[in-house]
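I opened my notebook to look at how the parts of this model touch. I wanted the domains, the contacts and the charged pairs.

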Amino acid sequence: MKGAQIVIECLVEQGVDTVFGYPGGYVLDLFDELYKASGRIRQILTCHEQGAAHAADGYARASGKVGVVFATSGPGATNLVTGIATAYMDSVPLVAVTGNVSVASLGRDSFQEIDIAGVTMPITKHNYIVKDVAELAETMREAFRIARSGRPGPVLVDIPKNIQQDDCPFTPRKPEPIGRKPAREGELDAAADLIGKAERPIIYYGGGVISAGASAELVAFAEKADMPVASSIMGLGGFPASHPLFMGMIGMHGHAGITKALLECDLIVTLGARFSDRVAGDRKRFFPQAKKIHIDVDDAELNKNVESSASVNADLKDALPRLAAKIQGAERPEWRKRCADLLAAHPPKESRADVSPQAVLKALNALHGGGIVATDVGQHQMWTAQTYRFEKPRALLTSGGLGTMGFGLGAAIGAAVATGERVALVTGDGCFHMNMNELVTAAVYNLPVTTLVFNNNVLGMVYQWQKLFYGKRFSSTVLNRPTDYMKLAAALGAKGFEIKKNAEIEGVLKKALAVKGPALVNCLIGSEESVLPMIPAGKGAEAMILEIDN
Amino acid sequence: MEELKTAVISALVSNKPGVLNRVAGLFSKRSYNIESLSVCTTEDERLSRMTIVAKGDEAILEQIVKQLAKLIDVKKALELDTDASLMRELILIKIKVLPHQRPEVESTANIYKAKTVDLSPDSMVLELTGDEGKIDAFINILKHYGIIELARTGVMVLQRGDASIKANDENE
């Protein structure tokens, strides 16, 4: 069997039903075999390899399966880099397959040759360059195993052209189930002991709960221990927003009531989260009065940013029920009430602009409730995380770690392909301009992707920082672009809409969400809207900003 | 500021191209301080042994070992107890020595059990094996002759007694 065919057979073996990608000279053989396998694997052609990488990532985030992206050598491969790095920072399982020049031409700076394995070394869990067709099948299987196991992440397999063409016998093999890292009894005992002694505990959980598929286990644990729950942005949806124990999002733009509660708590139980600087601020002074329990499948996360009193290195799906079994059921009505009071004392800010971002998001929540939402990065992302009520895992697709502007549209396309459901993309006018070419992809495949552009004519988050910390010197953040969104939508094959005042929100959104294919809604919000509260970077809770004087 | 400590980390890694790159990349990406790194083959041709001497506080050293262990090509990484380990380094050092100075240099070499491995009218090359402290002292004493150049291997380490990095693995 030819190498290229072996690759496709390995994908089928792994249950892959979709490949996102872009062809080129050094992947002709791979795409030829994809063509022949069209009954078994669907090809999605994007406009740019970056869009394909984000789409494979969105596919993985929405479905929990491994996303697969193909790109040619050289520029095709380097165009994947931002997408791979995005997946890496958010622990998304991805397999990127790139072509390369033949083994004999490697290292000679041949046409479209690049050492993509070298380039992606720091942004992949692992990567390969296959120099012998006899190792190809095993490498592909290993790539999938690594992408899915433990803390998931991207893996790149670089396949020179002659390897795609070489012949080798192939024996199909079912993938082995991936084991879950079990918790050590002693580590759980130490954690249970701290929980037993705590009076005012809070759970801070993150995306690890979603990757482990441990949402139900988290709910059961939180209920038994009667602990209020705060989520990182990556965790949203991992615990239902409507649950009485749910407090909201933690961190730089988290709920002010949570920050206040964290100042009073005596134990923080951190589950599948990593004390990112956007949560911890000054990591050396992260609520020092509270003891910390940290459970994570990645041993290297334990004590990396914040030191814990008890650490458990395990998969949450194993650890949480076992920890729950070790603790006494508790009732903490006073602490729960205190947390509720703190939340109520700091209600989220509501814009009074002609088009309020919060009003748009609340209407979206009502009309698209339960549906998947992708975002780009910046103010609109934070407003979405603060306002939209995420009830189930895998409903929010956002670049939390790398903060990739231009991630959203590709991700929304991938999620729509994966689920067959409507996906709403909330983006800004800055982010949208980065990769808006992919609106064409949504149109070609007639995907139900509804894009809401929060158009404030500025790069809002950077603008906000300039307003607060750089003397209102708005360097390169005021856009004044002539883009006509209605014409743009029509030109790229989408249906265009516009929202100019609050009264129009519901009517327009209803229509936009009813469009079968892609729709683009230009929401004209004001330039001076801020994301609040805000804890300045690297600072502690005491530096929290609740108001900005425009 | 916690006190900085020097640790010796031994790692069994796949004997494949690019592995050194991955380990070196990890150190630069995470800003870890590396004092020396040596790579050698082992009794198993599929594996190489890396000996890394690194500096950091306790938390950093713990991170280094954990981050190393996360690399797919690293089969095992552990910090060695230096008191229970044999640490050796080899040095070749070329110094300016005029013929009349030779006896003096040779007697110094004898004290350190160094060997003379090359001789020219105006220079000598000496070879010495020992722990880091001994090598440093030897370099120091030869400095006033004028060092033309030197090459050190970096530290190689084995645990004393029956212990082995693989056995550590099996005990887990």
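**Ground rules**

I worked on a predicted model, where local features need pLDDT of at least 70, side-chain atom pairs count only at pLDDT 80 or more, and totals for chains, interfaces and linings use all residues. Residues are numbered from 1 along each chain as its sequence is written, chains are lettered from A and ligands numbered from 1 in the order in which they are written, and side-chain values use heavy atoms, with hydrogens and water left out.

**Entry: domains of chain A**

I looked up how chain A is divided. Its assignment gives domain 1 (3-165), domain 2 (185-345) and domain 3 (357-536). Such bounds come from an automatic or database domain assignment. I then asked how far apart the centres of domain 1 and domain 2 of chain A lie. The C-alpha centres of these two are 36 Å apart.

Next I checked their contact (heavy atoms within 4.5 Å). Six residues of domain 1 of chain A and six residues of domain 2 of chain A take part. I also looked up the buried area, which is the accessible area (1.4 Å probe) that two parts lose on being put together, summed over both. For domain 1 and domain 2 of chain A this area is about 480 Å². Carbon and sulfur atoms give 52% of that area. On the side of domain 1 of chain A, A:M89, A:D90 and A:R151 lose the most area to domain 2 of chain A. Together these three give 69% of what that side buries.

I needed a rule for salt bridges (a side-chain nitrogen of Lys or Arg within 4 Å of a carboxyl oxygen of Asp or Glu). How many salt bridges run between domain 1 and domain 2 of chain A? I found a count of two.

I followed A:R151. Its side chain meets that of A:E301 in a salt bridge, 2.8 Å from N to O. A:R151 also forms a salt bridge with A:D298, and there the closest N and O atoms are 2.9 Å apart. I noted that A:D298 and A:R151 link distant parts of the chain, 147 residues apart. A:D298 is in the loop between strand 11 (291-296) and strand 12 (310-313) of chain A. A:R151 is in the loop between helix 7 (136-148) and strand 6 (154-160) of chain A. Here helices (H or I, at least four residues) and strands (E, at least two) are DSSP runs, numbered from the N terminus.

For the whole structure, I read off 49 salt bridges over all chains.

**Entry: chain A against chain B**

I moved on to the two chains. Their contact takes 14 residues from chain A and 12 residues from chain B. Chain A and chain B bury about 1,200 Å² between them, with 47% of it on carbon and sulfur atoms. In chain A, the residues that lose the most area to chain B are A:M121, A:H126 and A:A300. Together they make up 40% of what that side buries.

Which charged pairs cross over? I noted A:D299 and B:K66, whose side chains meet in a salt bridge (3.5 Å, N to O). The count between the two chains is two salt bridges.

**Entry: inside chain B**

I counted five helices and nine strands in chain B. Along the sequence, chain B follows the pattern β-α-β-β-α-β-β-α-β-β-α-β-β-α. Its C-alpha atoms fill a box of roughly 60 × 40 × 30 Å, taken along the principal axes.

The domain assignment of chain B gives domain 1 (5-80) and domain 2 (86-156). Their centres, taken over C-alpha atoms, are 29 Å apart. Six residues of domain 1 of chain B are in contact with five residues of domain 2 of chain B. These two domains bury about 420 Å² between them, 65% of it on carbon and sulfur atoms. I found zero salt bridges between domain 1 and domain 2 of chain B. On the side of domain 1 of chain B that touches domain 2 of chain B, strand 2 (33-41) and strand 3 (47-56) of chain B each give two or more residues. Strand 2 of chain B gives the most there, with three residues.
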